[in-house]
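Hi everyone, thanks for coming. Let me walk you through a structure that may be new to you.

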Amino acid sequence: MQKYLLILLTSTILFSFSKDTTIMDVKEKTVTINDIPVYNFESLEPLLYTDSNKIHIVNFWAMWCAPCIKELPILKEFEKNNSNVEITLVSLDFPEDIETRLKPFLERKGITSKVVLLDDPDQNSWINKIDPNWSGAIPFTIIFNNENRTFHERAFNDIKDLENEVYNTINK
């Protein structure tokens, strides 16, 4: 009986939210604010691995990071020219800025890549889980498929630079 009531209550609550409402998934510790998910590291970690040979690029960045902003058009162009690539931009901005700053910024820049926000205060733990050699500086990019992976604690200079790193990673 308690299980039935819990399901009924959960269904009622979920159906009462509008599209622009914040929803929390307790199991995954994920919040969605206007189509941009906010993860803790535990929820983000599965995005850092794949079982397929498709190329994935995960870029940690923030609006307040000048090298990150300079690099965004390079990632955007690379994704546009390579349909076999999936780019995920992991914003390290504040969740409360999603609607007022982050979404308008992405719209102004024409960014259509998948964007998620990482809101996990235990950086000392999750930075080392991603790459023990990562100092925590951004931009930081992981290029990988199911066989190969490289880490880049720097901004890419241009599209050729990124193309070379992807090629070198995937063809190791």
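Let's start with a pair: Thr-141 has His-152 in β8 as its bridge partner. Before going on, note that this is a predicted model, where local features need pLDDT of at least 70, side-chain atom pairs count only at pLDDT 80 or more, and totals for chains, interfaces and linings use all residues. Residues are numbered from 1 along each chain as its sequence is written, and side-chain values use heavy atoms, without hydrogens or water.

β7 and β8 run antiparallel, joined by four bridges, and they form a hairpin with four residues between them. Strands here are DSSP E runs of at least two residues, helices H or I runs of at least four, numbered from the N terminus; two strands pair if DSSP finds at least two bridges between them.

Along β8, residues 149-152, Thr-150 and His-152 point to one face and are buried, meaning under 20% relative accessible area with a 1.4 Å probe, protein chains only.

Now, Asp-131, in the loop between α5 (123-130) and β7 (140-144). Which side chain of opposite charge is nearest to Asp-131? That is Arg-149, 9.4 Å away, and Asp-131 is buried with no salt bridge (a Lys or Arg side-chain nitrogen within 4 Å of an Asp or Glu carboxyl oxygen). Beyond neighbours within four places in sequence, Asp-131 is in contact with Phe-140 and Phe-151, with heavy atoms within 4.5 Å.

Leaving out such neighbours again, Leu-162 is in contact with residues including Ile-57, Phe-78 and Ile-143.

Technical notes
Buried means under 20% relative accessible area, exposed over 50%, partly exposed in between (1.4 Å probe, protein chains only). Lys and Arg count as positive and Asp and Glu as negative; His and the chain ends are not counted.
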